[in-house]
Amino acid sequence: MGQTITEKILSRVEGRSVSAGEIIHPVPELVTCHDWYVVNFDRALEEFGVDKLFDPDRVLISTDHEPVAVTPQSAERQKKAREIVAKYGIKHFYDVGRGGLGHIFPVEIGLIKPGMFVEAYDTHVTNYGAVGALGIALVVEISEVLALGSVWLRVPETVRVNLRGALQPGTGMRDIAQKLIADLGDELIDYCVVEYGGPGLASVDIAGRHTLCNIPLEIGAKSALVEPDEATRAYLAPRVTGPIELVKSDRDARFKAVIDYDLSAIGPQVAMPPTPDNVHPIEKALGTPIHHAFIGSCASGNLADLSDAAKILKGRAIHPQVRLYVTPATQEVAREAARAGLIEIFLSAGATITQAGCGPCAGGRIGAMAEGEISINTGTRNDVRRLGASGDIYLASPMTVAASAVKGAITDPRSFLKEMSS
Amino acid sequence: MNWLFHGKCWRFGDDLGIDGAIMPLRFALARETDPMVLREHLMSEIDPDFAKKVKPGDLIVAGRRFGQGNPHIQGFLGIRGHGLGLLAESIPRGSFRNAINAGLPFLAPCPNVTQLCETGDELTVDFSTGEMRNVTRSTTHRFKPIEPELRAIVAKGGWKDHVKQRLAAATAH
């Protein structure tokens with residue numbers, strides 16, 4: 001019997017052949033945690049009487065949820081995190097201004113390779129699937145992994161999604177990813193890995209692959225990954241040291257379902273309040289007035305996402321009643337955006353650029369909404385109070401958010417593309 | 001660990017949120033983890049008297065996506081605080097882990113279980129075999145029990161006790 005990518009990765013880690021449904025205790029090759037939880041895992045370890053980590057060389061901490069401390073309490077929390085990192089001798093520490101968003105920069109700097117197995121505190125570690133690695137989120141059980149090196153895992157089944165066709169103008173991978181989870185449904189993908197492949201994948205860049213791997217966990221997928229290909233190799237070759245092995249599923253691997261998905265059949269989509277899978281064609285929300293807009297997050301904060309938004313914003317001004325925050329996901333994205341002139345376009349349009357990281361999406365600690373305001377943004381979730389006070393949150397592509405910020409109401413970005421070409 | 005429960009059925013529908021329907025959100029935000037505190041507020045947003053009505057050994061029977069939402073453990077600790085068992089048609093993955101971590105005997109997924117009993121029925125459930133007997137209706141049904149490795153965590157009392165035992169075993173070697 002053949003194996004899925006997930007089964008191959010976990011078999012290699014376990015040193016024996018494993019298949020979906022088995023309970024195992026695999027030892028991850030990297031463990032990640034963000035700034036806000038460092039104090040908490042330290043407290044949990046103290047409670048357990050643990051003063052040494054299983055392997056501090058495998059641990060990565062990123063200051064991304066609140067890179068710029070805006071209160072004395074958060075400055076204090078940052079200080080404690082630095083002390084805790086030093087106490088345990090944690091090898092990979094990316095503090096303010098260093099890496100950026102911990103679900104993205106480790107891929108950029110070549111720390112993540114195809115076939116790698118990673119566990120994390122935070123849910124969106126599934127982004128590592130963009131280069132064919134398996135990222136699994138654990139929340140509080142991260143303390144068990146830090147102390148003992150592993151935690152139980154039921155080897156997940158895989159839902160294979162074969163992409164075909166190419167994106168229509170004005171449509172981004174965010175539209176595809178949102179529509180896809182609504183189409184697949186939570187009953188099908190609960191506890192499964194969503195694996196992307198097919199002839200359409202070649203046209204999807206690494207940024208788009210981050211987006212595809214980010215969204216499915218919102219409705220209960222265990223993880224998501226892309227079948228690595230030559231584009232993966234080309235992206236990673238200048239970044240990683242050592243060989244790159246493209247781990248793919250066997251032809252006779254057992255999938256829970258195989259879905260064919262046509263990229264060319266989908267136009268702009270919005271996830272309407274209050275859940276990320278309440279997804280509708282943009283026509284349903286057109287004209288909804290907005291006050292708050294945000295482009296960034298681990299779902300849509302890469303250079304290609306910023307570049308999509310800049311195409312709409314170039315030479316235009318944001319509507320007077322709207323404030324637009326732009327958060328480059330990482331230091332590298334911010335630097336490249338500056339080099340490409342995108343930052344200048346955003347600033348000229350009246351946008352606010354924030355420090356690399358999660359931006360407002362991390363609970364609205366910066367750039368929050370006020371009570372009763374309406375936001376359209378590229379964050380990961382639209383639960384009530386995700387961005388501070390209660391108010392409707394619409395999730396959409398960077399192009400749709402940019403177009404809506406200009407008009408002051410939810411707007412189809414294709415209307416701008418027509419203007420640009422005419 | 002006693003896996004055999006005998007008590008009254010308390011049936012609920014689909015999509016009970018972990019923060020709200022099952023346990024008011026404020027307890028998750030306060031990081032309250034004492035089952036004896038949490039039990040008083042179990043299902044209080046649906047039925048304010050629920051905590052007064054249930055007895056140890058009773059069984060919560062729920063529909064699909066029991067515990068949906070941001071996976072907080074408090075609701076499952078509240079169920080355990082009453083000594084109740086749980087059967088659900090499905091539990092999303094984050095809450096599934098929390099049910100184990102709370103040391104709660106449960107069965108999920110249990111296809112169509114909400115059609116096999118109703119509130120007030122007398123049930124006998126063996127969580128180690130997955131057998132549910134509806135004494136009132138004289139019917140017997142069998143579901144897949146939780147894996148032995150995960151039942152072992154429940155038997156130890158949940159995640160914290162499980163980790164302490166793993167640590168003790170690791171230092172003994």
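**View 1. Helices α6 and α8 of chain A in the predicted model.** The axes of helix α6 (residues 173-184) and helix α8 (residues 206-214) of chain A come within 9 Å and cross at roughly 20°. Axes are lines fitted to C-alpha atoms, for helices over the stretch in contact, with angles from 0 to 180 degrees between N-to-C directions. α6(A) is therefore roughly parallel to α8(A) (angles under 35 degrees). The crossing of α6(A) past α8(A) is right-handed, that is, the near helix is turned clockwise from the far one by less than a right angle. This is a predicted model, in which local features need pLDDT of at least 70, side-chain atom pairs count only at pLDDT 80 or more, and totals for chains, interfaces and linings use all residues. Residues are numbered from 1 along each chain as its sequence is written, and chains are lettered from A and ligands numbered from 1 in the order in which they are written.

**View 2. Residues between α6(A) and α8(A).** Met173(A), Arg174(A) and Ala177(A) of α6(A) meet Gly208(A), Thr211(A) and Leu212(A) of α8(A) (contact: C-beta atoms, placed from the backbone, within 7 Å). By class, 3 residues are nonpolar, 2 polar and 1 charged; Ala, Val, Leu, Ile, Met, Phe, Trp, Tyr, Cys and Pro count as nonpolar, Asp, Glu, Lys and Arg as charged, and the others, Gly among them, as polar.

**View 3. Setting of the two helices in chain A.** Chain A holds 15 helices and 18 strands (DSSP runs numbered from the N terminus: H or I, at least four residues; E, at least two). Its C-alpha atoms fill a box of roughly 60 × 55 × 40 Å along the principal axes.

Conventions:
Angles under 35 degrees count as roughly parallel, over 145 as roughly antiparallel, 65 to 115 as roughly perpendicular and the rest as oblique. Two residues are in contact if their C-beta atoms, placed from the backbone, lie within 7 Å.
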